[in-house]
Amino acid sequence: MKKVTKAIFPVAGLGTRFLPATKSIPKEIMTLVDRPLIQYAIDEARAAGIKEFIFVTSRGKGALEDYFDHSPVLEQELRKKGKGKLLEVLKGTNMDSGAIAYIRQH
C-alpha cells in the first residue's frame, strides 16, 4: 500500500469574503491567534506524513512564498539575542529546498 506524501493547496482565490483585508494581504497569511492560517494546514499535513507541498497561487501571493522561505538575517538576530524558543518557532515555518512548489494559475 502506498502512502500519500504530496499535498496540493489551491490558494489562488482573491479572498473576496475577507475584503478589505485581502486587498493587500493574501487570505492564507491572515493570522489566527499567532500563526497564519496556512501554517495550521501545513502542520496538519506534516503530521499526516506529507513531505511535498504544492501551492496553486495567483498574482499577489508573494507574501505566501516569503513566509515559507528561510530568513538567515532574522535567524542570526534571534540567535544573537538568545531567543531560542522564537528561533524554533521560526524554523517550523521553513520548508526544505524541493519540498515546496508554487504553480501560478492565470
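Strand 1 has a covered face, formed by Ala7 and Phe9, and an uncovered one, formed by Lys6, Ile8 and Pro10. The model is predicted: local features need pLDDT of at least 70, side-chain atom pairs count only at pLDDT 80 or more, and totals for chains, interfaces and linings use all residues. Residues are numbered from 1 along each chain as its sequence is written, and side-chain values use heavy atoms, with hydrogens and water left out.

**Sheet**
- An open sheet with parallel pairing is formed by 3 strands in the order 1-4-5 (strands are DSSP runs of E with at least two residues, helices runs of H or I with at least four, numbered from the N terminus; two strands pair if DSSP finds at least two bridges between them).
- Strand 1 (6–10) and strand 5 (100–104) are the edge strands, each pairing on one side only.
- On average, neighbouring strands of this sheet are turned by 20° against each other, direction ignored (axes are lines fitted to C-alpha atoms, for helices over the stretch in contact, and angles run from 0 to 180 degrees between N-to-C directions).

**Strand pairing**
- Strand 1 and strand 4 are joined in the parallel sense by 5 bridges, and Ala7 has Phe53 in strand 4 as its bridge partner.
- Strand 4 (residues 52–57) and strand 5 also run parallel, joined by 5 bridges; Ile54 stands opposite Ala101 in strand 5.

**Helix packing**
- Helix 1 (residues 37–47) packs on the sheet and touches strand 1 and strand 4, its direction making about 150° with that of strand 4.

**Glu75**
- Glu75 lies in helix 3 (residues 72–80) and is buried, with a relative accessible area of 11% (buried means under 20%, exposed over 50%, partly exposed in between, with a 1.4 Å probe and protein chains only).
- Leaving aside neighbours within four places in sequence, Glu75 is in contact with His70, Leu87, Leu90 and Asn94 (contact means heavy atoms within 4.5 Å).
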